[in-house]
Amino acid sequence: MIHQAGIAGSSIFVTGGAGFIGSHLCEALLSLGASVTAYDNFDLFYDPAVKRRNVSGCIGHDRFRLVEGDIRDMATTDRALKAARPEIIVHLAARAGVRPSIEDPILYQSVNMHGTTVMLECARKQGIRRFIFGSSSSVYGNNAKVPYSEADAVDHPISPYAATKRSGELLCHTYHHLYGMDVTCLRFFTVYGPRQRPDLAIHKFTRLIDAGMPIPVFGDGGMRRDHTFVGDIVAGVIAAMERCCGYHIYNLGESRPVSLSVLIQSIERALGREAVIDRQPLQPGDVHQTYADVSLAARDLGYEPRTHLDDGLKLFVAWYREVSKLVLRSASN
C-alpha cells in the first residue's frame with residue numbers, strides 16, 4: 001500500500017503530531033525518508049508528558065522537528081508553516097471525545113472548526129496544495145443503514161464533536177471549490193493500539209481490569225464498534241497523501257465490528273485477567289454501532305486493514321505493560 005517513492009524527500013506538516021495517531025504517522029513518514037514537522041499544543045485534555053513520550057523516538061532525528069503551537073493561533077501557525085515549507089499538511093489536531101463535547105461545545109467549536117479554518121487559510125496563503133483532514137466515523141450518527149458508506153447522508157450528527165467533524169469536511173470542500181486545493185478527508189473508525197489515549201475504551205478497560213477495578217459498561221454490552229488498528233490507519237493516511245487530488249472522503253475502518261461484550265472478552269484474554277462489570281445506563285451522544293464500508297478506500301487507495309482485533313490487542317497490552325513498568329521505575333527514582 002505504501003510507496004516509498006511518493007513520500008521520500010517530501011516535507012510533511014502534521015498537526016496533532018505528538019498525539020496517538022499523529023506520533024505513529026510521524027515515525028512512519030520518517031522511516032520512508034520524509035522530513036516531518038509535528039505541530040502540537042500539548043493540551044491538558046490528558047497528561048502532556050504522555051504526548052512527549054509518544055514522540056520521544058523521533059526527537060533528535062535530523063529530519064524531524066517538533067513545534068509547539070495552537071492551530072487557532074494564526075500568527076504562530078503561519079510562522080511554523082513558513083519555516084517547514086511543506087508539500088502536504090496532515091491535519092489531525094482536534095479536541096476529541098463525544099461525551100466531553102456535550103459538556104463544553106464552545107471549546108469544541110473553537111478548536112475543531114476555527115482551528116481547521118486557520119489551517120486551511122494558512123495553507124491557502126502559502127500555496128500548499130495538498131491537505132489531509134482527519135475526520136471521524138461519528139459523522140454518521142445513528143444511521144440505521146450499515147455498513148456506513150461515504151455516499152450516505154450525514155446530516156444528523158448526535159454530538160457537538162460529530163457536528164464539528166462534519167463541519168470540518170464542509171470547510172475543506174469550500175477551500176477545494178474556491179482555491180483548487182487538493183483535499184482528502186479520512187473518516188477514522190475507533191482507532192486503537194499502542195499509545196491510545198487514556199480516556200478511550202480499550203486503554204481505560206485494560207487499566208481498570210489490570211488493577212482489579214470495575215469497568216463501566218454503558219447499556220447491555222450490545223453496542224458495536226469497528227475497532228481499527230493504528231498501523232492500518234497510518235498506512236491508509238499515507239496512501240491518501242500519495243494520491244491526494246481533487247476532493248474526496250474515505251472511510252478508514254476494519255470493517256469487522258464487534259460488540260462491547262466481545263471486546264471485553266478479547267481484552268480479558270489478552271490480559272489474562274477477568275473483568276468486573278459495572279452496568280450503567282446508555283450515555284447521550286453514543287451511537288449504537290459503527291461499521292465501515294471500505295470498498296472505496298480499497299479501490300482508490302489500495303487500503304487493506306490487516307490487523308485482527310485479537311492480534312492488535314496483544315500488541316496494545318504489551319505496550320501498556322512496558323509503559324507501566326517505565327512509570328513505576330520513574331516514580332521510584
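## Helices α7 and α9

At roughly what angle do the axes of helix α7 (residues 201-210) and helix α9 (residues 260-271) cross? In this predicted model, the two axes come within 10 Å and cross at roughly 50°, and α7 and α9 are therefore oblique to each other. The crossing of α7 and α9 is right-handed.

On the α7 side, the contact is made by Ile-202, Phe-205, Thr-206, Ile-209 and Asp-210, while α9 contributes Leu-260, Leu-263, Ile-264, Ile-267 and Leu-271. Sorted by class, the residues of this contact comprise 8 nonpolar, 1 polar and 1 charged.

## Helices α5 and α6

The crossing of α5 and α6 is right-handed.

The residues of α5 that make the contact are Pro-105, Tyr-108, Gln-109, Asn-112, Met-113, Thr-116, Thr-117, Leu-120, Glu-121 and Arg-124, and those of α6 are Pro-160, Tyr-161, Thr-164, Ser-167, Gly-168, Leu-171, Cys-172, Tyr-175 and Tyr-179. In terms of class, the contact between α5 and α6 holds 10 nonpolar, 7 polar and 2 charged residues.

Notes: Residues are numbered from 1 along each chain as its sequence is written. This is a predicted model: local features need pLDDT of at least 70, side-chain atom pairs count only at pLDDT 80 or more; totals for chains, interfaces and linings use all residues. Side-chain values use heavy atoms; hydrogens and water are left out. Axes are lines fitted to C-alpha atoms, for helices over the stretch in contact, and angles run from 0 to 180 degrees between N-to-C directions. Helices (H or I, at least four residues) and strands (E, at least two) are DSSP runs, numbered from the N terminus. Angles under 35 degrees count as roughly parallel, over 145 as roughly antiparallel, 65 to 115 as roughly perpendicular and the rest as oblique. A crossing is left-handed if the near helix is turned anticlockwise from the far one by less than a right angle, and right-handed if clockwise. Contact means heavy atoms within 4.5 Å. Ala, Val, Leu, Ile, Met, Phe, Trp, Tyr, Cys and Pro count as nonpolar, Asp, Glu, Lys and Arg as charged, and the others, Gly among them, as polar.
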